[in-house]
Amino acid sequence: MTPSGPARDELAARLRLIVITDRDLARPREVTEVVGEALRAGAPAIQLREKTLPPRDTLPLARRLRADTRAAGALFFVNDRPDLALAVGADGVHLGPDDLPVAAARRIAPPPFLIGYSTDDPDAARAAVADGAHYIGCGAVFPTSTKSDAGRAVGLRGLARVVAAVDAPVVAIGGIDAARAPGVFRVGAGCAAVSAVMAAADPGRAVHSILRAAAEG
């Protein structure tokens, strides 16, 4: 069941920034090092996105990030894999159109396990929320090179249409950085950042900058 009222507002506040991992962008540092700096800077949510490692090799990383996020009081999501998310005690999973359908994930995941769903289509967003998605990841909002299948950028207008379509938090992804974050927050969405944090020379400063935009918005 999608949170409403105060519970929805609390979830939206915790989703004002999701830092999404990327091993290539983090190099030569370890993902855990960059995530650690982000958490110390106050990142309220982390999503493990690992497209190339097999689940057996991803599991230790997921366990480490689950421990680190729990210690920091941050939410922890796993991308694509409900089984892996449940195995490590993550707070939730983020699904796309090619993953397990939201309704099926809802059936195997006990409350309060959270489910996010990626779409830039208002109708698909409404359907996902009706099936049990707790939030929508909308993008690419701006052009991005971190996701090969991101499609065309929908811009702030496209983001606003998704925000208006659902009574659930919406998180913008795609080309999000501190300069673009204020526009995203004004539309009523949170931010998901990949390269802006994972590739930053100072990940903590990057997190601070985005969170400052949220506080000022």
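Me: Why does Cys138 count as buried?

Reply: In this predicted model, Cys138 has 0% relative accessibility, and because buried means under 20% relative accessible area, with exposed over 50% and partly exposed in between (1.4 Å probe, protein chains only), Cys138 counts as buried. The model's local features need pLDDT of at least 70, side-chain atom pairs count only at pLDDT 80 or more, and totals for chains, interfaces and linings use all residues. Residues are numbered from 1 along each chain as its sequence is written, and side-chain values use heavy atoms, leaving out hydrogens and water.

Me: Why is Cys191 called buried?

Reply: Its relative accessible area is 0%, so Cys191 is buried.

Me: How do you know that Cys138 is in no disulfide?

Reply: A disulfide is a pair of cysteine sulfur atoms within 2.5 Å, whereas the nearest cysteine sulfur to Cys138, that of Cys191, is 12 Å away. A search of the whole structure finds zero disulfides.

Me: What makes the pairing of Asp80 and Lys51 a polar contact?

Reply: The side chains of Asp80 and Lys51 are joined at 2.6 Å, and a polar contact is a pair of N or O atoms within 3.5 Å (within protein, one must be able to donate a hydrogen and the other to accept it, and residues adjacent in sequence count only if both atoms are side-chain atoms).

Me: Which residues is Asp80 in contact with, leaving aside its neighbours within four places in sequence?

Reply: Taking contact as heavy atoms within 4.5 Å, Asp80 is in contact with Lys51, Val93, His94, Leu95 and Asp99, leaving aside those neighbours.
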